[in-house]
Amino acid sequence: MNFKAQKLLFLLLLIVFINVAYAQDDLKRDLNYYLPQIEYDQSITTPEEFLGYQIGEWHITHDQLYFYLKNLATESPRVKLVEYARSHEDRPLVYCIITNEANHDNINDIKAAQQKLCKSDQGSQVDIENTPMVIYQGYTIHGNESSGANAAPLVAYYLTAGQGDHVDSLLSEMVILLDPSYNPDGQQRFSSWVNSNKGVHTIADVHSRELNEPWPRGRTNHYWFDLNRDWLLLTHPESQGRVKTFHEWKPTVLTDHHEMGSNNTFFFQPGIPSRTNPNTPQKNQDLTGKIGEFHAKALDSIGSLYYTKESFDDFYYGKGSTYPDINGAIGILFEQASSRGHKQSTVNGDLDFPFTIRNQVVTSLSTQDASLAIKNDLLSYKRDFYKNAASERSSDAIKGYVIKSRDDAKLDAFIDKLSQHQIDVFSLKSDVNAGSSSYPSDGNSYIIPTDQQQSKLIKAMFEKVTSFNDSLFYDVSAWTFPAAFDLQYDALKSGQLRSGMIGDRVSGHAYNKVFNNPSEGEVPYAYLMNWENTMAASASYNLLREGLNLKVLTKDVMHPEYDQLFEAGTVIIPTTQKNMSTSEVISMISDQVSQYGIKVYPVSTGLNTKGPMLGSPSQRPLNTPTIALVVGSGVNAYDAGHIWHHLDHTMSMPVTLLNVEDIGAASLQSYNTLIMADGRYTSLSEDQLHHLTHWVKSGGKIMAFKRAIDWLNAKKLIQISRSKSESKGKTMQLPYSKSSSTWGARRIGGSIFNTQVDLSHPLFYGYEDDQVAFMKRGTTFYDPIANPYATPARYTDNPLVSGYIHKSQIKMLANSAAVTVFGQGRGKIICFSDNPLFRGYWWGGFRVFNNAILFGDILSTGTTGDDAHGHGHMHE
């Protein structure tokens, strides 16, 4: 090679090297870009030194984040790392306790002082001036909103290594709990995607694979739940551990760092004033506004655009920024425009990942600065919140609530939820009459007096609200817990609550399980499993899977050995089973009783004193469910996740997650139950439709939810017409400025409505009352099916229990169908207008879902509208 060629090659290689280096450094920023230019302890490892790259160059994975913080805790006495929970994928959820050594030595006293401030009779004993304040800073509850989790190690480094009077004051006056990742599983899923699709050159093209995650995306946790709706519901271990931590420390300020659409800027609270929950004191919003002044100043200093008092609200108490508001603290939401990957083109120009991280860091530090500056005001607010709550409950007409249910599992779950929120529940010492109901002191009734520390939260969880200051809601407008659990409950007013009613404080419900092991030489003819307990469905499934033959009563019977009615839905377990000894059968039943606390009654004869005999043809055999849940593109991941979690986690019933594209002849043969969650399903081909139709006509069962009903209708598997309500009269001219609020007011973001159910229908076996409440979202309404037996649940004449609905829609909802059933050949299609498993806490809907799984096969053709053409009609 001659000299000229060598020189040309050298220049080409140099150009390539420069381009690669430039591309690599495109996202690299100095530490000073993110953090104040102060002196830092050189013995503390920086994020870049630990990771091998600077924050912002890659999306930090959860394991990297965890080990960096663990390393900080070994390097500095300022930091202690605490694991507070494990995610569904067994990842550690942790927080750092960051403060000075003196506070660490005195940490139990600091905790005790925070607890005292929350007690109306002890708050005045706390010397606020000389008491450190606890603040809780949390990041990335939505896994694909990762600027927060990437900001966390920088904030931790600043507090750990930072030197100077200001940092010293922060660490002296405050204990900072830094929670780096509220959602480890989602964060890991998302970071793996964007990092694996990043090239040497940073691409901002919105069509780039890096910026377009596959279904179900990284926002959610393992079961595809939105964890930022779970603070109140406590369905998941992440939330349970976090709320336990909250009440252990009682922080005065809690921050929640999110991302929003890429074409936005940066939001911080307060939210829209008219949409603040009326249970939140105005002082809360005033202090949030004061803290906001510090955010504005910090963002001004780096030239970042921002806004406040728009877009977001403080209404639903199940979010990270609002749960603190009903617990005497200040919750603050931050929303950063998302780069989603490493860089993205937006209307504001290219948005790169380091810029998004810097805004989260800056507002994390401004939160600390604000909390330090108005510490005494914030601690005084906490003390006054509980002092004023005591005064309010003293003058409030409602003095408590009584609840009852015969469902042991449901009662236990309900009491457990309240206990996790520090709400005291008591047994009844004497019988109580309230409303039109009686509450006997038999162990299945409880009382929740409002004269306790969490009186404001009790009100927020139990009250029914139907009038509002605003008609727009960022999320649900109702969440009434007793209605969600389908409990009988009543408020006790002044004069109704007497001290003699209140028994012992309980942390759970004592199950009234029934099972008698036979005496030696005695073998029962059969066992009758009561269907009152929700978990009887799990027990039945387990016995079926073990190979036992089970039958279900389809009519009420009286048995001569018991002075009680065995209702339709009771499961018959013969002790004589093929290829199984009676002792093995009895042992299996005993195991289920021990595991689920169910009631199982031995009987020595198949004769009944009332109703058909146990061997009657009317007692229908049960099939072992083999279940597939359709997932993938077009399916609502949230609703699919609710179903997956319910089956897999709550009920311990295995379910195959079947991709939409894999539906075909071979795949369907493996299942007898196919679940279609809310979704579009437009990607299903005609060939797939042919296989699905053949499968259901051959005896398969489809459970369809919301928009899946429309797809089935369009493909003529069911017959329901969907039409939009027509506007009447002349079209009005309205101001353009009000268009979004006008349409928004007609949206049902989440409200609770009563249905009338047919208790004799197999789908509603085991329910105690013929009125069952469901959560409804959206504005799709169905007319009942013409066949009078095919609509076992319909909304009542006056259905609203709690929440917002536009006046034009209440008439459309009244008497509309909630559950419809169709036949298709030898198969069944069961349609749910709404999601009965809403967010995993709607125990009132668990039973109808379970019944559809276990009893759906026994629905006769005569009760399903023959070949699925039930002549239904739907409004929108």
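Is Asp475 buried or exposed? Asp475 counts as buried, at 4% relative accessibility. Buried means under 20% relative accessible area, exposed over 50%, and partly exposed in between (1.4 Å probe, protein chains only).

The model is predicted: local features need pLDDT of at least 70, side-chain atom pairs count only at pLDDT 80 or more, and totals for chains, interfaces and linings use all residues. Residues are numbered from 1 along each chain as its sequence is written, and side-chain values use heavy atoms, with hydrogens and water left out.

Asp475 has a salt-bridge partner, Arg229, at 2.8 Å from N to O. A salt bridge here is a side-chain nitrogen of Lys or Arg within 4 Å of a carboxyl oxygen of Asp or Glu. Arg229 is also buried, at 9% relative accessibility. Glu145, Arg219, Asp226, Arg229, Asp475, Arg777 and Arg839 form one network, joined by salt bridges that share partners. The whole structure holds 31 salt bridges.

Another of these pairs is Lys701 with Asp857, with the closest N and O atoms 3.8 Å apart. Lys701 lies in strand S27 (residues 701-705) and Asp857 in the loop between H25 and strand S35 (872-875), so the bridge ties together parts 156 residues apart in sequence. Helices (H or I, at least four residues) and strands (E, at least two) are DSSP runs, numbered from the N terminus. Lys701 is buried at 0% relative accessibility. Asp857 is partly exposed at 22%.

Now the nonpolar side. A nonpolar core is a set of buried Ala, Val, Leu, Ile, Met, Phe, Trp, Tyr and Cys residues joined through side-chain atoms within 4.5 Å. The largest has 171 residues, and Leu232, Phe462, Met529, Ile675 and Tyr841 touch the most other members. Helix H25 (residues 843-855) gives the most to this core, eight residues. Apart from this core lies another, of 62 residues, including Leu170 and Leu378. Beyond four places in sequence, the contacts of Tyr841 (heavy atoms within 4.5 Å) include Leu233, Trp479, Phe485 and Met775.

What lines the largest cavity? Phe774, Tyr795, Ala818, Val819, Phe832, Ser833, Asp834 and Pro836 do. A cavity is a set of points, on a 1 Å grid over the protein atoms alone, where a 1.4 Å probe fits but cannot get out; lining residues have an atom within 4 Å of a point. The lining of the second largest cavity includes Arg406, Asp408, Glu532 and Lys599.

Conventions. 1 Å grid on protein atoms, 1.4 Å probe; cavity = no way out; pocket = protein on both sides within 12 Å on 5 of 7 lines; lining within 4 Å.
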